Amino acid sequence: MAPILIAKGVTKRFGGLVAVNSLDFTIEAGSIAAVIGPNGAGKTTFFNCITGFYTPEEGQIIFDGHEIQGFRPDRVTRMGIARTYQNIRLFANMTALENIMVGRHPLMHHNWWDAILHTPRYRKEEKEALEEAQRLLNFVGLSGLGDQLARNLPYGAQRRLEIARALASKPKLLLLDEPTAGMNPNETGEMIRFIRHLRDELGLSILLIEHDMKVVMTISEKIAVMDFGKKIAEGKPEEIQRNPRVIEAYLGRGAASGLGSSQAAATA
């Protein structure tokens with residue numbers, strides 16, 4: 001399948017710190033991929049380069065055939081990339097429906113004058129946004145909660161609401177930053193099934209950052225591993241699980257050496 005996103009030699013510096021170092025990564029359309037690594041590896045910085053919050057000093061980011069590095073976040077959103085955040089960033093004092101409608105606004109064409117005068121274009125777009133918000137609320141399993149303030153929703157529901165807001169911009173690629181953070185095992189299992197449902201039902205490509213290795217190995221078709229800004233491994237889940245460099249990055253050199261010794265003994 002053709003790639004939806006290609007990163008070529010992406011480098012992002014903050015003064016003397018190289019947060020992302022010559023990163024290459026390709027995501028196929030319709031796939032679920034993951035970027036993993038220890039804290040501070042550069043994962044979220046890479047997300048921020050994709051979504052326009054940071055401009056990389058070097059390299060290319062090609063989305064759906066177009067170079068997008070350096071584009072503003074709103075332009076990236078309109079092109080078809082949406083994201084969630086490790087720390088939930090809902091509008092706490094707005095209702096669930098209103099939060100989703102905010103996600104729809106980058107696709108709207110009315111201006112401030114239309115809003116002041118309540119022109120036919122404004123009323124039409126607001127009506128469509130409300131209908132789409134209600135549809136997405138039902139799609140993510142939050143039926144009947146549209147009038148609830150976001151701050152009053154349970155944690156798992158807030159995670160789903162944030163995803164619904166991202167879906168409101170009709171993305172082709174959805175970036176999920178720690179989607180199961182803070183969840184219990186039951187909630188995590190539900191989120192895994194929900195992410196698969198997003199891909200299968202909507203035809204999305206999904207890239208996630210996740211520290212829960214069980215989640216990553218269960219849901220991902222391809223995984224890139226970062227450490228100190230560099231990609232140190234890439235492959236299928238079973239390949240990543242056996243990679244000594246990955247084990248060393250997470251557990252230290254001694255653990256990787258122990259793995260190598262045990263593997264050698266097993267094959268002797």
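The domain bounds used here come from an automatic or database domain assignment. The model itself is predicted. With those bounds, the lining of the largest pocket takes at least three residues from domain 1 (1-80 + 171-263) and at least three from domain 2 (89-170).

**Pocket**

The volume of the largest pocket is about 410 Å³. Its lining comprises 18 residues, and those nearest the centre are Thr77, Arg83, Tyr85, Gly103 and Arg165. Two or more lining residues come from each of the helices α2 (73-79), α3 (96-104) and α6 (155-167), and from the strand β6 (81-83). Sorted by class, ten residues of this lining are nonpolar, four are polar and four are charged.

**Strand pairing**

Strand β1 pairs with two strands, as listed below.

| Pair | Residue ranges | Sense | Bridges |
|---|---|---|---|
| β1 and β2 | 3-14 and 17-28 | antiparallel | eight bridges |
| β1 and β4 | 3-14 and 58-63 | antiparallel | five bridges |

What stands opposite phenylalanine 14 in β2? The residue there is leucine 17. β1 and β2 form a hairpin with two residues between the strands, and glycine 15 in this hairpin has a positive phi near 65 degrees.

On the β4 side, lysine 8 has glutamine 60 as its bridge partner.

Definitions and conventions: Residues are numbered from 1 along each chain as its sequence is written. This is a predicted model: local features need pLDDT of at least 70, side-chain atom pairs count only at pLDDT 80 or more; totals for chains, interfaces and linings use all residues. Side-chain values use heavy atoms; hydrogens and water are left out. On a 1 Å grid over the protein atoms alone, a cavity is a set of points where a 1.4 Å probe fits but cannot get out, and a pocket is an open set with protein on both sides within 12 Å along at least five of seven lines; lining residues have an atom within 4 Å of a point. Grid points are joined across faces, edges and corners, and a volume is the space filled by probe spheres set on the points. Helices (H or I, at least four residues) and strands (E, at least two) are DSSP runs, numbered from the N terminus. Ala, Val, Leu, Ile, Met, Phe, Trp, Tyr, Cys and Pro count as nonpolar, Asp, Glu, Lys and Arg as charged, and the others, Gly among them, as polar. Two strands pair if DSSP finds at least two bridges between them.
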